[in-house]
Amino acid sequence: MKKELGLITLLSISLFSSADWLDVNMPMGVTDISQDVFGLHMLMFWIMVAIGVVVFGVLFYAMWKYRRSNNKKPAKFEENHKLEMAWTIVPTIILVLMALPASSLLKKMYDHDAEEGGIDIQVIGWQWKWQYKYLDEKVGEKPLSFFSNLTTPADQYETNQAEKGAHYLLEVDEEVVVPINTPIRFLITSNDVIHSWYMSDFAVKQDAIPGFINVAKTTINVPGTYRGNCTELCGERHAYMPIVVRAVTEEEYQDWIQQKRDAAEQLAFLTEKEWTVDELLSQGEEIYNTRCAACHQINGAGIPGFYPALAGSAVVMNDKSAQIEILMEGIRGSQMQSFAEQLNEVEMASVITFTRMSWNNDKNGDGTVVVPKDIVDYKNINL
Ligand SMILES: [Cu+2]
């Protein structure tokens, strides 16, 4: 069966290899499984073409041959047991034959076992972003972990004022970097509602369900940047939590891991350094726009009834500890989640400072700046 599949894939690839055809067809992807899926899809396609040719051939032949102007007298028979048996048995056989390669491929897709030299990446869905934890790569004592947020500027999709970029709604601040030719297991789960991690180039689509771990295994053959989406309606910004995976050589992968480790080391130094208000503000604005503006809006006005305004908010204008606590702990039962894992001390301090110094909050409130040390202190007391 495998040989035939391969042959048919080859045949289909040569027939459909002009770019125009590939555009209308299913993508072939960059993993063995995704190419098998493509092969299966083409096998089914040609079987359907053959059935279509036979059925419509007989139909049109009969219409032409037995047309009234040809002076044909209609036959009078009512039942034909042999014919009825045939049109029941033949399709059944065809269906069973189609199920054989389909189920053997499905079995291959659902193979969850860890492999020698493979890596495990935990994927966690959040409203509305993805978190990735590299379980085999430690940074300090914890696994390497980061969040991946949409970076398409809001004026490209909210007001339609700006021209859409090349990777409109498919671009993020932190790409998932993985090595090629290495078995990767994605252990997919969710922190809040049901999401779904979908990457068509790998033929991977798995629901991310709170309390469960779904496994998807893949080995990427071709280096490149691959883009996908959340495919389970998960709330109002469902369309704004894309997936970007960058597959690189083993060497580049190791470099990237090292960079992440260096950055973590650098952070210890950055939390202790003296920050100027301007430095905090410019970093804070960037973070606010990617992490907070989706709900609280760029101008801090929020959306009445859904998201409170931060402009003029008593929490933001007064004693800084109240706001630090909200950002660190989240507000239970609301969409205001804890940012303790999502932002480091420097990012946390700068985004809080930004909200306290913007939209006239500094004029009406107490105007105190929050520095990274405040966050470190909070963690020392509370965590
Ligand atoms: Cu989602």
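In this predicted model, helix 10 passes helix 12 in a right-handed crossing. The domain assignment of the protein gives three entries: domain 1 (2-109), domain 2 (119-264) and domain 3 (273-382).

**Helix 10 and helix 12**
- The axes of helix 10 (residues 345-357) and helix 12 (residues 372-382) cross at roughly 115 degrees and come within 7 Å.
- On helix 10 the contact is made by E345, V346, M348 and A349, and on helix 12 by P372, D374, I375 and V376.
- Six residues of this contact are nonpolar and two are charged, while no polar residue takes part.
- Two packed helices are described by the distance between their axes and the angle between them.

- Five strands form an open sheet in the order 3-2-1-5-8, and their pairing is mixed.
- Strand 3 (142-148) and strand 8 (214-219) each have a single partner strand, so one side of each is left without a neighbour in the sheet.
- From one strand to the next, the twist averages 25 degrees.
- Strand 1 (residues 119-126) and strand 5 (residues 183-190) run parallel and are joined by seven bridges.
- D120 stands opposite R185 in strand 5.
- Helix 6 (residues 250-272) lies across strand 2 (129-139) and strand 3, and runs at about 95 degrees to strand 2.

**Domain 2 and domain 3**
- The C-alpha centres of domain 2 and domain 3 are 26 Å apart.
- Eight residues of domain 2 are in contact with eight residues of domain 3.
- The side of domain 2 that touches domain 3 has three nonpolar, three polar and two charged residues.

Notes
Residues are numbered from 1 along each chain as its sequence is written. This is a predicted model: local features need pLDDT of at least 70, side-chain atom pairs count only at pLDDT 80 or more; totals for chains, interfaces and linings use all residues. Axes are lines fitted to C-alpha atoms, for helices over the stretch in contact, and angles run from 0 to 180 degrees between N-to-C directions. Helices (H or I, at least four residues) and strands (E, at least two) are DSSP runs, numbered from the N terminus. A crossing is left-handed if the near helix is turned anticlockwise from the far one by less than a right angle, and right-handed if clockwise. Two residues are in contact if their C-beta atoms, placed from the backbone, lie within 7 Å. Ala, Val, Leu, Ile, Met, Phe, Trp, Tyr, Cys and Pro count as nonpolar, Asp, Glu, Lys and Arg as charged, and the others, Gly among them, as polar. Domain bounds come from an automatic or database domain assignment. Two strands pair if DSSP finds at least two bridges between them.
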